[in-house]
Amino acid sequence: MGELRSAPSPTGGVRSLIRAMLRSAYGTEAPPAGEISRLDLRTYDAALRLLDELEAFAALGDGLTEEDVVAALERAEVRSSSGERGRIAVLDLMRARTRRFDVVFVLGLEEGSLPRRTRVSPFLDDDARREIGGRLERPDQVSRDRYLFYTACTRATRRLYLVREAATDDGAPREPSPFWEEVASVFDDDDVARATRRRSLSALTWGLEAAPSERERLRALARLAVDDPVGARALADANGWQRRLARARSARERKTRLTSDVLLQWLGHKTTFGVTELERFADCSSAWLFERVVSPKTIDAEADAMLRGSVAHSALHKFYAGLPKEVGHDRVTPENVEQAVGFLRRCLDDALRGGVRLELTELQAAELEEGLWRDLEGFVRDEASSPLELLPRRFEVGFGSDRSAPELQRGLHLGENVYLSGKIDRIDVDPYSARGIVQDYKSGRGAHSAKQIDDELKLQIPLYMLVLRDLVGIEPLGGVYRALAGARVTRGLLHAGAADDLPGFQKNDYLPEEEFWSLVETSRERALGYARRIQAGDVRHDPKGGSCPSWCDLWTMCRVERA
């Protein structure tokens with residue numbers, strides 16, 4: 001402090017002091033090297049920049065004391081790592097709070113994105129959360145996001161960009177975030193207009209002259225080639241981009257058939273195929289490749305349809321397996337339905353807390369439990385009023401795997417060296433004969449009719465009936481999909497000759513014997529064809545129906561053009 005007080009100015013004294021400290025630490029014989037030395041140099045650079053800011057502040061007319069300079073130095077932050085030049089740090093607002101950058105882009109300044117819209121739960125409203133208390137009680141989302149937005153804006157030392165989407169990819173307009181409006185109101189309208197840059201939905205690339213990098217120039221060149229192929233080719237020849245331009249022009253014509261020798265060898269030796277795997281291949285072989293072979297995993301657990309289905313299947317398995325012992329009857333009847341519903345509650349609790357691994361927040365777990373209980377209770381009460389006299393006898397019947405019963409381990413034979421594997425949710429049988437039906441639970445709201453099974457290339461029910469006949473030894477009277485949610489519809493494929501034994505189903509799902517077995521055999525042939533294509537690595541751009549559904553998000557991988 002003595003040297004600072006004797007210096008002509010506090011900032012000048014600090015400059016002399018830190019320069020002397022750095023020179024004394026390394027001198028000229030031992031130049032700075034190593035991570036500690038680089039940290040010292042970054043600290044020196046940060047101190048110089050801070051002194052420049054303090055001198056600029058003092059030039060405005062406000063004086064600086066030695067204590068002011070020391071306090072500013074104590075609060076200064078120094079990054080422990082300088083990172084690599086040319087790299088961009090992509091951070092959420094929470095992680096950005098403790099970092100500083102020369103340039104910052106704050107994205108997502110649309111209404112509903114920032115501040116984030118509070119998700120309303122149909123099972124736990126705000127009053128229920130406050131009553132439960134603890135971590136379920138929601139903080140004020142707007143105040144929290146306002147704080148995070150403010151800290152993100154203060155992370156920039158040279159320039160700050162605020163970015164929002166004016167319209168969705170479909171052209172629907174989007175309103176700006178209230179934070180955007182608040183920042184814009186601070187400045188004059190003319191200044192805001194001059195500083196705002198807009199990019200239309202049709203502007204997929206930069207102009208050639210304005211493209212900021214070689215990659216963007218190549219994208220602009222590929223776009224130019226659509227309207228002016230001769231000019232684009234001339235530019236490519238002049239800059240040595242011929243090969244890159246040719247690749248860009250042929251990107252959507254890229255061959256899809258698999259060529260990796262290792263992968264083809266693995267697929268060629270595959271002999272057992274899951275029925276759901278073959279159904280996905282029928283939907284789109286490119287989607288099958290991505291989901292079943294590439295199979296990327298997500299980090300965050302979500303209560304998605306597959307998790308919901310796993311818990312529901314586990315609960316129903318426990319329920320029907322223990323029903324005869326619990327209520328003294330193989331079926332749910334109007335007389336025992338209340339006792340059965342109480343037993344179902346215990347089975348669901350066991351499935352949620354024991355048989356299925358859950359990695360969910362308290363809120364997600366509560367929502368999952370409430371939704372499943374509503375659907376499963378309604379399902380069991382529907383069972384009590386069903387006129388079907390068949391009895392639930394076998395559950396979770398696996399075939400085609402080592403965990404299956406010995407007589408089922410080989411799986412269903414589809415063709416030479418090709419077998420089917422899977423698991424039948426439930427088999428209901430006639431108590432007086434070796435006849436029955438298969439039931440397949442669907443965690444959603446939909447079920448497929450006999451016509452939809454054929455038109456939409458569904459394989460489960462027809463192939464499960466072959467398993468019932470050829471492996472289990474029960475004559476199949478039909479098979480149905482049972483939706484567990486919504487109206488809990490039941491649709492499927494049923495033998496018209498057994499209509500008296502199978503009352504209560506949709507009349508269009510009963511098929512004459514010839515049509516019934518024709519559809520079953522057609523499904524076997526389709527499954528064998530899909531298996532042969534998988535063995536050969538025959539992946540195509542072949543979405544069912546000829547066009548990609550709007551909800552599919554794999555188009556960036558398969559490169560199918562979309563309207």
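Modeller: A salt bridge here is a side-chain nitrogen of Lys or Arg within 4 Å of a carboxyl oxygen of Asp or Glu. This is a predicted model, in which local features need pLDDT of at least 70 and side-chain atom pairs count only at pLDDT 80 or more, while totals for chains, interfaces and linings use all residues. Residues are numbered from 1 along each chain as its sequence is written, and side-chain values use heavy atoms, with hydrogens and water left out.

Colleague: How many salt bridges does that rule give?

Modeller: The count is 43 salt bridges. One of them joins the side chains of Glu 165 and Arg 174, at 3.0 Å from N to O.

Colleague: Which residue pairs with Arg 353?

Modeller: Arg 353 meets Glu 369 in a salt bridge, 3.4 Å from N to O. Arg 353 belongs to helix 16 (residues 337-355) and Glu 369 to helix 17 (residues 362-384), so the pair ties together parts that are 16 residues apart in sequence. Helices (H or I, at least four residues) and strands (E, at least two) are DSSP runs, numbered from the N terminus. Arg 353 itself is exposed, with a relative accessible area of 59%.

Colleague: Which residues make up a network of salt bridges?

Modeller: Arg 257, Arg 533, Asp 538, Arg 540 and Asp 542 are linked in one.

Colleague: Turning to His 313, where does it lie, and which side chain does it contact?

Modeller: His 313 lies in helix 15 (residues 305-327). Its side chain makes a polar contact of 3.0 Å with the side chain of Asp 425. A polar contact is a pair of N or O atoms within 3.5 Å; within protein, one must be able to donate a hydrogen and the other to accept it, and residues adjacent in sequence count only if both atoms are side-chain atoms. A polar atom of the His 313 side chain also lies 2.7 Å from the backbone oxygen of Gly 309.

Colleague: Is His 313 buried or exposed?

Modeller: His 313 counts as buried, at 18% relative accessibility.

Colleague: Why is helix 13 described as largely enclosed?

Modeller: Eight of the nine residues of helix 13 (residues 275-283) are buried, so the rest of the structure largely encloses this helix. Among the buried residues are Glu 277, Arg 280 and Phe 281.

Colleague: Finally, where is Arg 117, and how far is it from Gln 141?

Modeller: Arg 117 is in the loop between strand 1 (101-106) and helix 5 (126-132). Arg 117 and Gln 141 are 24 residues apart in sequence and 8.1 Å apart in space, C-alpha to C-alpha. Arg 117 counts as exposed, at 61% relative accessibility.

Conventions. Buried < 20%, exposed > 50% of the residue type's maximum accessible area, 1.4 Å probe, protein only.
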